[in-house]
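Please keep the model in view while reading.

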Amino acid sequence: MNVLELSHVHKSFARTEGEDVTQALEDINFTVNDGEFLSIVGPSGCGKSTIMRLIAGLIFPTAGTITLNGEIIKGTDTGRGMVFQKPTLFPWLTAEENLHFTARMQGRRRDSQYMAEAERLLEMAGLSEFRNDYPHQLSGGMAQRLALIRTMINNPKVFLLDEPLGALDAFTRMNMQDEILRLWQQSNHIVLMVTHDIDEAIYLGTRILVMAPRPGRVRADLRNDMPYPRIRTSDEFLQWRKKVLGMLDFGQKNTKEV
Ligand SMILES: Nc1ncnc2c1ncn2[C@@H]1O[C@H](COP(=O)(O)OP(=O)(O)OP(=O)(O)O)[C@@H](O)[C@H]1O
Ligand SMILES: [Mg+2]
């Protein structure tokens, strides 16, 4: 059983000018267990990516602690896989070489089971035919899909997704949402996913963390018990939409569209 815990986490960044600091996160507290899918929503600049980078071990809290299974996170680890807001691929490797990068670095044997999973992921991401292309030859959406499956193939204990589907068209996006769901349900691991898309947050999350900016903080941590597969047009779903939009202060403006 994996347990990720953020306890009284603060993060400030020095500004380049003057002695000012940006209070990116203030007193963040939450715990996520195996089998939970935490959707994170909130306005730009409220610290969503900062939370992800802290859990990934790329940066460290100014105060407070982040632990996985009781151990303080001291750096990056393939057990905590992150897909960044902007796809980060190795430009000198082909799509397929990018996919196999971690396995190669770790000297992991690429047995038939691994290769079958790689094929399945390439197929699912619509990249089979582009396996020998380099990142600069891929479209933005293809690059993002490749970044996603490159992390999926490592089956991380904690899967950190920072707006991984932002560059995708609506259809591909919905397919990838189902693929992320499938992966999470199979592994029963922890997923944290930042999204600007309220429907996406509701469609996926067993919990929805609503954040507020300046300083970045948690406004609400909502349990979403709707059974899967969720129906985007159901009354219950629309109620959820109103609720989350209301918390983001867009309730009034947007209820007409619902
Ligand atoms: N390395 C850094 N140096 C200085 N300030 C930073 C740094 N990283 C983030 N910040 C600041 O911290 C705040 C939170 O940034 P963060 O990237 O976490 O926001 P976000 O919620 O992910 O926004 P978006 O939705 O636009 O991606 C912002 O005010 C940002 O300017
Ligand atoms: Mg961000």
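A polar side-chain atom of T50 lies 2.5 Å from an oxygen atom of ligand 1, a polar contact being a pair of N or O atoms within 3.5 Å (within protein, one must be able to donate a hydrogen and the other to accept it, and residues adjacent in sequence count only if both atoms are side-chain atoms). The protein covers 66% of the 630 Å² of accessible area that ligand 1 has on its own, with areas taken from the Shrake-Rupley method and a 1.4 Å probe; for residues, only the protein chains shown count as cover. This is a predicted model, in which local features need pLDDT of at least 70 and side-chain atom pairs count only at pLDDT 80 or more, whereas totals for chains, interfaces and linings use all residues. Residues are numbered from 1 along each chain as its sequence is written, chains are lettered from A and ligands numbered from 1 in the order in which they are written, and side-chain values use heavy atoms, without hydrogens and water.

Helices (H or I, at least four residues) and strands (E, at least two) are DSSP runs, numbered from the N terminus.

The domain assignment, automatic or from a database, gives domain 1 (1-78 + 160-258) and domain 2 (80-155). Their contact takes 30 residues from domain 1 and 17 residues from domain 2, contact meaning heavy atoms within 4.5 Å. The C-alpha centres of the two domains lie 24 Å apart.

Some backbone features remain. Most residues other than glycine have a negative phi, and most peptide bonds are trans. In strand β2, D27 has a positive phi, near 50°. The peptide bond from R214 to P215 is cis, with omega near -10°, and P215 lies in the loop between β9 (207-212) and β10 (217-223). Another cis peptide bond joins Y228 and P229, with omega about -5°; P229 is in the loop between β10 and α8 (235-247).
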